[in-house]
Structures are given as structure tokens and as C-alpha cells.
Amino acid sequence: MLHKLQNDLTHNFQFLKGKKLLLATSGGLDSMVMANLFHKLNYEIAIAHCNFQLRGMESFEDQNFVQEYANANTIPLFVTQFDTKAFAEDYKLSTQVAARELRYNWFYELLENEKYDYILTAHHADDNLETFLINLTRGTGLEGLTGIPEKNENIIRPLLLFSREEIENYAKENNIHWREDSSNASDKYLRNKIRHHLVPMLKELNSNFLTAFQKTQTYLQEAQDMVEDASIIVYQQVAKQEGDDIHFDLNQLKKLPNYRSYLYQWLNEFGFSAWDDIYDLVESQSGKQVFSAEYRLLKDRDSLILSPINFVHEEEFVIEENQQEVKIPLKLSFCKVADISLVSNTTIFVDAEKLQFPMVLRHWKEGDIFQPFGMEGKSKKVSKLFKDEKLSLIEKENTWLLCSNNQIVWVIGIRQDERFRIENKKENILKIQLE
């Protein structure tokens, strides 16, 4: 096993040589074998042990066991203790998910604070099979069937090519001691049910099942890589980045015979789960939208617009008299000028004598009315202006109004108000510019 690992590290993980490695070590069979292997191969390692305090004295006995091993082999050691149950209750998480969050957050803190390069975990081939079966029972796409990755950013899993049986045989042959987690014997968790009942049945049907499964997963990963390559090519034809938003051209999208698969591939990383609702957006009316925790997908005429959720707020920004610029929430400059030059969507000229200070910057509200420049005596709803300008819901929410004494001076970037126009004069002209 040592020789097999050394060959794999040479061919697939050469970048680990000379790096500082943090070994996640619980005290169980897998992690103790990993610690033994990397210690023998003379890598620069340290051990990181988490005491989740979930099994009473057993948890502290595991901690003592790992500490004794590290001391005996002169390996640097980091230990922490978590109140996992309290954390799970506070954040409404399962115990397993809470432990995972606590563990990896601490690992990344160690990487940064102690200047280590990679975290190594002792996941092996049987873990990979169990994860595959768990995802299969819950329903998943191709990505969920490709298993545990060997490398995920700073996390390395060097034992994935070994079976649990190989690891146990190595431990016995090399007189490696380990701790048994009593919770592993319980069928309380889905993974244990699969490990104790389903996997043995599959191996009984085919004694080489694990090897066959590893080949299948290689093919699935190759298929996933091909899908990702194709999705990037099609994405460049269909999608366009505009600021923080991504616009998907529905006319182009609907030409694809399997556009649902592409939408899933593009949007999956943004946390969406209501896939039927997303697919329905393609043929729905404008204004319909679907939300994830941090993003939304909006149908706007011939586009789907993906954008971060901007929470609607009632915040107002005050502009005092003689103030020359505003930097938040957008950049505006104010200066007195002697004459009117070119007016545009980003530059207006107003009669300063008609303004009352302080002026206010705010978002538009339903019922807002103004008098569009050039339409003397005629009022118009701001919402009607938005409709005429064919603004999307996102663009409406991002539009600001400059107001004086509760009157709109400027729908910024779109239209000035007639009531503040310059009337045949060369004094008190205020130039307001959006930069």
C-alpha cells in the first residue's frame, strides 16, 4: 500500500512535495493509516483533531489517543473542542452537517493562521461508493454521481484509490492501532445503513464490485467533463454579463433541443432548487421570477436575468446645499455653471433657485409622479416611464430619484423633471452629473 500510494502521489499529487500538510485525524482506522503513511514518506505534516463532544468520555479518549500518537512520533498537533449539539440547535442543522461546518471552518482557519498549504482527509473507495449510493437514493444529476473529488481547492483525499479492506489489512500488518467509533455500529444514519446492508449485498453479487464501480465512476467523470466543456461553449452564445447580472437570450436558448440541461448546468451553483419553476420561466410572462437564498432569476421579455438579490430598503441619502459631490449610493457631482452645454441621460441642468435643500436621493415608489422634461403641465407616473423605457424589474429596483421638497427633480439616468428646467437665464444654473 505504501508503494502504491507513493506512485500515485508522484504521478497525480506531485505538487504536495515540499508543502506543509494538515492531516485531519479522528483516531479512527482510516486517518491513523493516513498519518502513518505520510509520516513514513517524510512529508511535512501536522495533525488536526476535532473533539465534537458527541460521545461523552469516548470523545475525550479519542482526543487523548491522537495526542499520544502525535507526541510519540514528534508530529505537530492541533486540537479543538466543539459544542456540536448547541451549534446544531442554534443554526437548525443536523448533527452531521453541524460537525462538518465546524470541522472545515476550523481547518481553514489553521491553514491561514499556521501557514499550512493543504488539508488531507482519509476518505477511501468505500466512502466514495457510499456517497454515490446516498446521492442516488435522494435523486441527483450527473455531478452527484461522480463521487468525492480527489482534490477540491485546498482539500486533498489521497486514499480514494484504496478500499476499506486494503486499509485495514495494512493497519494489521504494520501494527497500527486505532479507535473504533461506537456510533459507526448504529443504523441510525443513512450512511451506516448503506454500509452495513446494501454494500455487502452488492459485493456478494460481484466480488469485484468496488473495482467495477471505480471504472464506472471514471466514465461518469469523463462524461461530466464533456458536459462542462459543451456548456461553456453554448454559454458564450447564449449569455451576456451586464454588471452584476447575467442575461440569457431566450431566442438562442430555445433553439437548443435540451436547453433544460444547460440551464441546470449554468444555474446549479447559484443555489436554486425549484427546477420545474425555472424551466417554466422560459415560456411564462414577463415579471415572473424564481428565488434561491442569494439570487433570483427573472423573466423579462426575451431574456432570463440572473442577479444577486438586492433587498428593497427605504434608505434615503441627504444632499446639503453647496455640497459638490455624492459618492453613495451612486456618484453625482454638482457645480454652478455659466451656460448650458449638452444635456444627456447622465447630465442635467436645473434652476438652482427652484431647489429646496436638503435634497434627497431615494428609490422610486409606487404612485410616484413627475413632469417629464418637455411636457409642460403634463404629469406622468414613474412606473409608466419605466414601462415606456422597457426597464426590467431589476433595472426599476436599481433606479434612483433625486428629489427636492418631495418633488422629483430627476429620474436619474432617464429623464429630468420639467418643473426645474432653466428658463432664459444665465445665472444660478446648477449642473448635475452622474459619473
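1. Buried denotes a relative accessible area under 20%, exposed over 50%, and partly exposed the range in between (1.4 Å probe, protein chains only). By this scale Glu397, at 22% relative accessibility, counts as partly exposed. The structure is a predicted model, in which local features need pLDDT of at least 70 and side-chain atom pairs count only at pLDDT 80 or more, while totals for chains, interfaces and linings use all residues. Residues are numbered from 1 along each chain as its sequence is written, and side-chain values use heavy atoms, with hydrogens and water left out.

2. Glu397 pairs with Arg296 in a salt bridge (a side-chain nitrogen of Lys or Arg within 4 Å of a carboxyl oxygen of Asp or Glu). The closest N and O atoms of Arg296 and Glu397 are 2.5 Å apart. Arg296 belongs to strand E10 (residues 295-300) and Glu397 to helix H14 (residues 393-397), so the bridge ties together parts that are 101 residues apart in sequence. Helices (H or I, at least four residues) and strands (E, at least two) are DSSP runs, numbered from the N terminus. Arg296 is buried, with a relative accessible area of 4%.

3. The structure holds 25 salt bridges. One of them joins the side chains of Asp62 and Arg179, at 2.6 Å from N to O. This pair links distant parts of the chain, 117 residues apart: Asp62 is in helix H3 (residues 57-72), and Arg179 is in the loop between helix H7 (164-173) and helix H8 (190-205). Asp62 counts as buried at 6% relative accessibility, whereas Arg179 counts as partly exposed at 23%.

4. Within helix H7, Lys172 and Glu168 lie four residues apart, about one turn of the helix. They form a salt bridge whose closest N and O atoms are 3.1 Å apart. Lys172 counts as exposed at 55% relative accessibility, and Glu168 as partly exposed at 28%.

5. Asp8, in helix H1 (residues 2-12), is buried yet has no salt bridge. The nearest side chain of opposite charge is Lys4, 8.9 Å away; Lys and Arg count as positive and Asp and Glu as negative, with His and the chain ends not counted. Leaving aside residues up to four places away in sequence, Asp8 touches Phe13, Pro158 and Leu161, contact meaning heavy atoms within 4.5 Å.

6. Two cis peptide bonds deserve a check. One joins Ile328 and Pro329, with omega about 5°; Pro329 is in the loop between strand E13 (325-326) and strand E14 (332-337). Another joins Phe357 and Pro358, with omega about 0°. Pro358 is in the loop between strand E15 (347-351) and strand E16 (359-363).

7. Lys115 has a phi of about 60° although it is not a glycine. This residue is in the loop between helix H5 (95-114) and strand E4 (118-120), and is exposed, with a relative accessible area of 59%. Asn406, likewise not a glycine, has a positive phi of about 65°. The place of Asn406 is in the loop between strand E19 (400-404) and strand E20 (407-411), and at 77% relative accessibility Asn406 counts as exposed.
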